[in-house]
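Please examine the sequence and the structure shown below. The briefing that follows is arranged by topic, from single residues to the whole chain.

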Amino acid sequence: MHKTAIVTGRSYLKHFAGRSHPERPERIAAMIEMVEGLRRDNLQILAPREATRDEIALCHRPEYIDVVERTSHLDRFDFDPDTHTSRDSYATALLAAGGVLTATEAVFDGAAENAFALVRPPGHHALTNRAMGFCFFNNVAIAAESLIRKKGLERVMVIDWDLHHGNGTQDAFYDSPEVLYASTHQFPHYPGTGSLLEVGAGEGLGYTVNAPLPAEFGDAEYLRVFDEVIMPIGRAFKPQFIMVSAGFDCHWRDPLGEMQVTEEGFRQMMRRIKRLAAECCEGKIVAALEGGYNLEAIANSGAVVIDEMGREVDDRIEPETQGERVAPIIERMRKGVGQYWNL
């Protein structure tokens with residue numbers, strides 16, 4: 001059984017985006033309750049630390065950090081119609097980025113074989129100088145950049161299965177060959193990015209892999225994209241560390257999306273990621289919570305992902321053969337980004 005670290009804490013309840021806002025404190029409360037109910041050996045609970053300003057500045061401009069910090073003196077500040085702060089939001093955002101760093105350090109240093117950072121606010125929409133989509137600092141991008149610039153890694157893979165395209169993470173590494181960003185997402189949908197034409201630029205050409213999927217796709221379609229595109233590209237890239245933007249809003253119960261992924265679909269995606277990590281980077285995986293707004297769905301989905309992270313690597317994963325509807329998208333991906341990887 002693999003040793004898994006869970007990074008979370010009740011301090012994440014302090015960020016308040018407004019009454020009836022979908023990104024609400026109860027999301028983390030549900031996840032913490034789920035973790036407290038787990039009965040599993042080799043599960044280590046770690047307290048998060050705050051990210052330092054220098055760590056945040058790995059991906060965000062100093063003047064933008066100043067703007068977010070100033071919101072700590074205001075009862076409410078609106079960055080856009082969806083993204084709001086309270087007095088505790090800046091500190092909680094530092095703790096979210098720091099929680100993913102805590103998980104990353106635990107896995108990098110060998111204290112755990114893999115880790116799941118159950119944090120909020122989420123991060124994958126945050127741009128270098130702009131908050132959007134409920135996000136202030138890009139938690140996963142900061143951790144990936146830290147692995148490269150502070151830990152000396154050369155190849156980090158970010159897999160983003162959130163309902164929404166992680167435009168902030170893509171933008172952070174669009175011209176970099178050091179981070180391979182692969183996303184499955186409902187399209188067209190917020191934030192409007194993540195088309196098949198977005199494959200990176202300059203030295204990063206081919207290192208952005210987008211699978212824009214229409215509404216109503218579910219487990220079979222997602223798994224075929226993993227089996228036929230994302231995993232083969234990952235094996236060619238040979239990551240030294242894998243980060244997962246684990247949003248559960250592509251679950252069939254989620255109120256903000258129209259996808260049909262089930263708990264078993266999330267398990268199977270993580271099972272494939274574990275196989276890739278075992279082949280390429282001694283199992284080093286850190287997942288970070290992004291979206292997911294149905295409390296029962298995120299708790300149940302988080303539980304099966306954590307369970308899968310603790311299991312032995314499955315050498316007998318059967319490739320998905322259903323989901324014919326996604327075949328034309330996969331073929332276009334092969335002709336597009338696949339040309340850089342000999343798919």
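Val225 is found in helix α7, which spans residues 219–237; helices are DSSP runs of H or I with at least four residues, strands are runs of E with at least two, and both are numbered from the N terminus. At 0% relative accessibility, Val225 counts as buried, a term that means under 20% relative accessible area, with exposed meaning over 50% and partly exposed in between (1.4 Å probe, protein chains only). The model is a predicted one, in which local features need pLDDT of at least 70 and side-chain atom pairs count only at pLDDT 80 or more, while totals for chains, interfaces and linings use all residues. Residues are numbered from 1 along each chain as its sequence is written, and side-chain values use heavy atoms, with hydrogens and water left out.

**Surroundings of Val225**

- Apart from neighbours within four places in sequence, Val225 is in contact (heavy atoms within 4.5 Å) with Thr184, Ala211, Leu213, Ile230, Val326 and Ile330.
- Arg27 lies 198 residues away from Val225 along the chain, and the C-alpha atoms of the two are separated by 28 Å.

**The loop between β7 and β8**

- Strand β7 covers residues 179–186 and strand β8 covers residues 208–213, and Pro188 lies in the loop between them.
- The peptide bond that joins Phe187 and Pro188 is cis, with omega at about 0°.
- Pro191 is also found in the loop between β7 and β8, and a cis peptide bond with omega of about 5° joins Tyr190 to Pro191.
- Ser195 has its place in this loop as well, and with a relative accessible area of 18% Ser195 is buried.
- When neighbours within four places in sequence are left aside, the contacts of Ser195 are Phe187, Asn210 and Pro212.

- Phe134 has a phi near 75°, a positive value in a residue other than glycine.
- Phe134 is placed in the loop between β5 (114–117) and α5 (139–149), and Phe134 is buried, with a relative accessible area of 13%.
- Glu216 is not a glycine either, yet its phi is positive at about 80°.
- The loop between β8 and α7 holds Glu216, which counts as partly exposed at 41% relative accessibility.

- Helix α3 consists of residues 62–70, and Tyr64, Ile65 and Val68 are buried in it.
- Seen down the axis of α3, the buried residues fall within an arc of 100°, so they line one face of the helix; the arc is that of the directions from the helix axis to the C-beta atoms.
- The cover over the buried residues of α3 includes α2 (53–56), β3 (77–80) and α4 (89–108).
- Helix α5 is mostly covered, with ten of its eleven residues buried.
- The buried residues of α5 include Asn139, Val140, Ala141, Ile142 and Ala143, and also among them are Ala144, Glu145, Ser146, Leu147 and Ile148.

**Strand β2**

- Ile45 belongs to strand β2, which is formed by residues 43–46.
- Not counting residues up to four places away in sequence, Ile45 touches Ile6 and Val35.
- Ile45 and Met243 are 198 residues apart in sequence, and their C-alpha atoms are 19 Å apart in space.

**The chain as a whole**

- The protein contains ten helices and ten strands.
- A compact globule of 343 residues would have a radius of gyration near 20 Å, and the 18 Å of the protein agrees with this; the radius is taken over C-alpha atoms, and the globule rule is 2.2 Å times the number of residues to the power 0.38.
- The C-alpha trace spans about 55 × 45 × 40 Å along its principal axes.
- Of the 343 residues, 61% count as buried.
- Of the contacts between residues at least 6 apart in sequence, 79% join residues at least 24 apart.
- The accessible surface comes to about 13,100 Å², and 48% of this belongs to carbon and sulfur atoms; the areas come from the Shrake-Rupley method with a 1.4 Å probe, and for residues only the protein chains shown count as cover.
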